[in-house]
Amino acid sequence: MHDDQFMLRAIELARQCPPSATAFSVGAVIVADGAEIATGYSRETDDKVHAEESALNKLGDDDPRLARATIYSTLEPCSQRASAGRAPCTERILRAGIPRVVIAWREPTTFVTNCVGVERLRQAGVEVLELAELADAAMAMNRHLDLS
């Protein structure tokens, strides 16, 4: 599979999210050695869980495959959290040692005025690829929100 195919899988997962007026529907897929090793989506296990967090929770930060993995997320990983006690997804990705992140669209200012997830990841040496051609598909399940 290629980047587009794994992102389409993440978009499928985002469609499974329980709708919310206060959070985006996001899907995430973690791939190592060409195979899907974990998936997650927003609100999969509780009202506050993010897609990347849900996928990472299924593996644990010490899984050796993470050092050669790519995480596909339909939305830029968060750089701050409103939920007390939960690490931002960018910090979880960095702590797990994932070297490559692929996203479909950047976080708009709907809930966070200045998301710097991509910038933080790149500063730490993580390769970040944006698949802008899939942004519309990744945003589709979030059209009820202000996406400005």
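Start with Val29, which stands opposite Tyr72 in strand 3. Keep in mind that this is a predicted model. Strand 1 and strand 3 run antiparallel and are joined by 5 bridges.

Stay on Val29 and turn to strand 2. There the bridge partner of Val29 is Thr39. Strand 1 and strand 2 are antiparallel too, with 6 bridges between them.

**Strand 1: which faces are covered?**

Colour strand 1 by burial. Of its 6 residues, 6 are buried. In a regular strand the side chains alternate between the two faces of the sheet.

Next, select strand 3 (residues 69–75) together with strand 4 (residues 100–105). This pair runs in the parallel sense, over 5 bridges. Strands of a sheet pair through backbone hydrogen bonds, either parallel or antiparallel. For a landmark, pick Thr70: its opposite number in strand 4 is Arg100. Remember Arg100; the tour returns to it.

Is Asp33 buried or exposed? Its relative accessibility is 57%, so Asp33 counts as exposed.

Show side chains here. Asp33 forms a salt bridge with Arg68, with the closest N and O atoms 2.8 Å apart. The partners lie 35 residues apart: Asp33 in the loop between strand 1 and strand 2, Arg68 in the loop between helix 2 (51–57) and strand 3. Arg68 counts as partly exposed because its relative accessibility is 46%.

Within helix 1, pick Met7. Its relative accessibility is 0%, so Met7 counts as buried. What does Met7 touch, leaving aside neighbours within four places in sequence? Its contacts include Tyr72, Ser73 and Thr74, as well as Val102, Ile103 and Ala104. Leu131 and Leu134 are also in contact with Met7. Draw a distance from Met7 to Ser73: the C-alpha atoms are separated by 7.1 Å, though the two residues are 66 apart along the chain.

**Charged pairs**

The salt bridge count comes to 13. Select Arg100 and Asp3 for one of them, at 2.7 Å from N to O. Arg100 sits in strand 4 and Asp3 in helix 1, so to find both you need to look 97 residues apart. Both Arg100 and Asp3 are buried.

Move on to Glu91 and Arg120. Their side chains meet in a salt bridge of 3.9 Å, N to O. This pair links helix 3 (residues 89–96), which holds Glu91, with helix 4 (residues 117–123), which holds Arg120; the two residues are 29 apart. Glu91 counts as partly exposed because its relative accessibility is 31%. Arg120, at 34% relative accessibility, also counts as partly exposed.

**Last stop: Arg43**

Select Arg43, in the loop between strand 2 and helix 2. Arg43 is buried, yet it has no salt bridge. Which side chain of opposite charge is nearest to Arg43? That is Asp47, 6.6 Å away. Look instead at Ser25: a polar contact of 3.0 Å joins its side chain to that of Arg43.

Finish by showing the surroundings of Arg43. Leaving aside neighbours within four places in sequence, Arg43 is in contact with Cys17, Pro18, Pro19, Ser20, Ala23, Phe24, Ser25 and Val49.

Key:
Residues numbered from 1 in each chain as written. Predicted model: local features only at pLDDT ≥ 70, side-chain atom pairs only at ≥ 80, totals over all residues. Heavy atoms only, no water. Pairing = 2+ DSSP bridges. Helix = DSSP H or I, 4+ residues; strand = E, 2+ residues; numbered from the N terminus. Buried < 20%, exposed > 50% of the residue type's maximum accessible area, 1.4 Å probe, protein only. Contact = heavy atoms within 4.5 Å. Salt bridge = Lys/Arg side-chain N within 4 Å of Asp/Glu carboxyl O. Lys, Arg positive; Asp, Glu negative; His and termini not counted. Polar contact = N/O pair within 3.5 Å; in protein donor to acceptor, adjacent residues only side chain to side chain.
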